Amino acid sequence: MKYSSRITKLGESLTIAISSLARDLKEQGRDILSFSAGEPDFDTPKSIKDEAIRAINSGFTKYTQVSGINELKLVISDKLKKENLLNYEPSEIIVSNGAKHSLFNAFSALIDKNDEVIIPSPYWVTYPELVNYFGGKSIFIQTSEDSDFKITSFQLKQAITSKTKLLILTSPSNPTGMIYSKDELEAIYDVIKDTGIIIISDEIYEKLVYDNIKFVSCGSINDDMLNRTITINGLSKSSAMTGWRMGYLASKDKQLIKLLNNLQSQSTSNINSITQKASIIGLNGDSNIDTKDFCQTFENRRNLAYKMINQIQQLKVKLPQGAFYLFINIQKVNNDSIAFCKDLLEKEGVALVPGIAFGMEGYVRFSFACSEEHIIEGIKRIDKYIKSIIN
Ligand SMILES: Cc1ncc(COP(=O)(O)O)c(C=O)c1O
């Protein structure tokens, strides 16, 4: 069979080698502790599940409007206005099958061959793959611990060319957990204000922020920034709804919304009707109480994992401000993150994600979306592994 050049450009995830090794070892009866989860370990709040059951029993099981039912888009619009200071009307919102689908649609609508997309590194693995898929070119800005893994105005200026189409911002970040402050977003605005660059602001971890830090939405900086920003969000991480597939995109560009509506109507159509009803509760209802509890639990786990990792002399980690990952510096042990992860998995049965998968060597990602007992046991094993290879 002859496959399209487009599809063969999509890479296999760099994490596959590690996850298939973890699976093999588990099948052999080894006790494997995994810290690779990209989703909350909590169950979806009961009020959300009850609403889904109500939707099924009342026969709300047919096609809906392609971009989502009005009632849901109204709740999203209210949420964005109240919580994020983003003035989007329901007609400026498209609900899709998870934030990943919203990103796919946005990239599809905006990237032409050879367009450049600026991606701060380390990055979430999907962005460069999608850029590649649509024929664009990823321009990576390498960040470092010294700048809290955030880009500086100087770096951004250097990366911009006449071909730059998009800038991707992920705050809080996967994999580093860092958050762009209002001042930092203003500095980014100052650099792009005289260009035609569009920002894709991925705010999926928005609700998981710690130490009373105030999350600031990119588009809330000023009206001009709002016009240049495409906001992406969803309920996967905030309401433990990864399997329900609900994400959304908001843009002030009416023509873009119309084109995305066409794309979605010719591909997936509406997201499932039951998830739409349940999401209204997720955004609006009692489940907010549960999601506040999720956040507190994550903060306690973060504190525990951060303290334990930093007690291991050869490792170093910055305190993440949000999301549920530690991005750990392993350079004193082994700069090759895949080799480190493989060896740790084989010797101590602990699965981490190599930093190279996110574009940064010398680091590993540790997800604390798991119980405190799991965290304590896992870090004890990491400590044991490091002692065994250092001595
Ligand atoms: C930064 C980032 N954006 C988007 C997504 C996708 O979220 P969803 O499950 O809503 O498609 C993820 C999931 O891991 C993520 O880490």
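**Backbone geometry, helix faces and helix packing in the predicted model**

In this predicted model, D148 is situated in the loop that connects β4 (137-142) with α7 (153-159). The phi angle of D148 is positive, near 55°, in a residue other than glycine. With a relative accessibility of 27%, D148 is classed as partly exposed, because partly exposed residues fall between the 20% limit for buried and the 50% limit for exposed. A second residue of this kind is S269, which is not a glycine and has a positive phi of about 60°. S269 belongs to the loop between α10 and α11, and its relative accessibility of 22% makes it partly exposed. Most residues other than glycine have a negative phi, and most peptide bonds are trans. A positive phi, near 95°, is also found at G29, which follows α2.

The bond joining S171 and P172 is cis, with omega about -10°. The bond joining N174 and P175 is likewise cis, with omega about 25°.

The buried residues of α2 are I18, L21, A22 and L25. Viewed down the axis of α2, these residues lie within an arc of 105° and therefore line one face of the helix. The packing partners of the buried residues of α2 are α13 (337-348), β11 (350-351) and β12 (353-354).

Helix α10 (residues 254-266), with 13 residues, extends 19 Å from its first C-alpha to its last, close to the 18 Å expected at 1.5 Å a residue. Burial in α10 involves L256, I257, L260 and Q264. The directions of these buried residues fall within an arc of 95° seen down the axis of α10, so they line one face of the helix. Exposed residues K254 and Q266 are carried by the face of α10 turned away from the buried side. The buried residues of α10 pack against β2 (93-96), α5, β7 (229-234) and β8 (247-250).

Helix α14 (residues 372-390) contains 19 residues and reaches 27 Å between its first and last C-alpha, close to the 27 Å expected at 1.5 Å a residue. Its buried residues are I375, G378, I379, R381, I382, Y385 and I386. These cover an arc of only 155° around the axis, which places them on the same side of α14. E373, K380 and K384 are exposed on the other side of α14.

Two packed helices are described by the angle between their axes and the distance between the axes. For helix α3 (residues 46-57) and helix α11 (residues 273-284), the angle is about 145° and the axes are 8 Å apart. The crossing of α3 past α11 is right-handed. On the α3 side the contact involves S47, I48, E51, A52, A55 and I56, which meet I274, K277, A278, I281 and G282 of α11. This contact is made up of 7 nonpolar, 2 polar and 2 charged residues. The axes of helix α5 (residues 99-110) and helix α6 (residues 126-133) come within 10 Å and cross at roughly 35°, again in a right-handed crossing. K100, L103, F104 and F107 of α5 form this contact with T126, Y127, L130, V131 and Y133 of α6. Its residues divide into 7 nonpolar, 1 polar and 1 charged.

Two further buried positions were examined individually. T64 occupies the loop between α3 and α4 (70-84) and counts as buried at 16% relative accessibility, since the limit for burial is 20%. Beyond residues up to four places away in sequence, T64 touches I69, N270, S273 and Q276. T64 and Y180 are 116 residues apart in sequence, with a C-alpha to C-alpha separation of 36 Å. M225, in helix α9 (residues 223-228), counts as buried at 0% relative accessibility. Apart from neighbours within four places in sequence, the contacts of M225 are L185, Y189, I192, I199, C218 and G219. M225 and L352 are 127 residues apart along the chain, and their C-alpha atoms are separated by 37 Å.

Methods: Residues numbered from 1 in each chain as written. Predicted model: local features only at pLDDT ≥ 70, side-chain atom pairs only at ≥ 80, totals over all residues. Heavy atoms only, no water. Axes fitted to C-alpha atoms, helices over the stretch in contact; angles between N-to-C directions. Helix = DSSP H or I, 4+ residues; strand = E, 2+ residues; numbered from the N terminus. Left-handed = near helix turned anticlockwise from the far one by under 90°. Contact = heavy atoms within 4.5 Å. Nonpolar A, V, L, I, M, F, W, Y, C, P; charged D, E, K, R; others polar. Expected span 1.5 Å × (residues − 1). Buried < 20%, exposed > 50% of the residue type's maximum accessible area, 1.4 Å probe, protein only. Arc of directions from axis to C-beta.
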